[in-house]
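Trainee: I would like to learn how to read a fold. Please take me through some features.

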Amino acid sequence: MVESHPLLRGGLEALLSANDDMTVIAAVSGIEQALHAIPLSPPDVVVFGIDERVHEVSGALARLLAVGGGQRVVILGPDDHPGHAESLLQQGARAYLPKDVSHGYLASVIREMCREDERVFISAYPSAIPSLTRSGTRVLSNREREVIVLVAQAMSNAQIARKLSITKGTVKRHLHNIFAKLNAVSRIDAVNKARALMMIAATIRLDL
């Protein structure tokens, strides 16, 4: 859990820890602490609280997703900026919920995320729907994001397969889905579009 406000962080930690099927392994105030904690005990889910300075979040989210471990990220943020939700979901967050969401709903979203790897979850007012649906870009799954990150590191399909402990055929299937979702025509095009949409960190170096 990453949340700068001590009272909210403590309250969320206590509420989620009260669920028999959940363990909060770390509750920290900032991104640097989170990046240190994640490799020590990789979580299934990161709950990331943000405030009105949403323009500063994209870089932090990219770093969270790039640190590895396959963690799913739930954003808790303002509920009056639907464009922010759209951008962060495109970047790779798996859920965007308002900070005043009930702890029961948050817990249910976390459970569903762990059961279903291809879905994203969002809680929004009806007025936000046009903004959230006008983009034709589909969100990459956790595995697809891992694949495109390795493509950006100039890995071949065989190298990606070994790195992720999957078959080359599975890598090809993920690449096919990535190309379709990003409307890409090549590996370089897919990496460039993923970077432009902030689905992968801009610091990842393309060397193809």
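This is a predicted model: local features need pLDDT of at least 70, side-chain atom pairs count only at pLDDT 80 or more; totals for chains, interfaces and linings use all residues.

Trainee: What is the strand order in the open sheet?

Mentor: Strands of a sheet pair through backbone hydrogen bonds, either parallel or antiparallel. Here the order is β1-β2-β3-β4, with parallel pairing. Strands are DSSP E runs of at least two residues, helices H or I runs of at least four, numbered from the N terminus; pairing takes at least two bridges. β1 and β4 (121–122) are at the edges with a single partner strand each, so one side of each has no neighbour in the sheet. β2 (72–77) and β3 (95–98) pair over 4 bridges. I75 has Y96 in β3 as its bridge partner.

Trainee: At what angle do helix α7 and helix α9 cross?

Mentor: Two packed helices are described by the angle and the distance between their axes. The axes of α7 (142–152) and α9 (168–182) come within 10 Å and cross at roughly 90°. That makes α7 roughly perpendicular to α9 (65 to 115 degrees). Axes are lines fitted to C-alpha atoms over the stretch in contact, with angles from 0 to 180 degrees between N-to-C directions. In α7, residues including V147 and V151 meet α9 residues, among them L175 and I178 (contact: heavy atoms within 4.5 Å).

Conventions
Residues are numbered from 1 along each chain as its sequence is written. Side-chain values use heavy atoms; hydrogens and water are left out. Angles under 35 degrees count as roughly parallel, over 145 as roughly antiparallel, 65 to 115 as roughly perpendicular and the rest as oblique.
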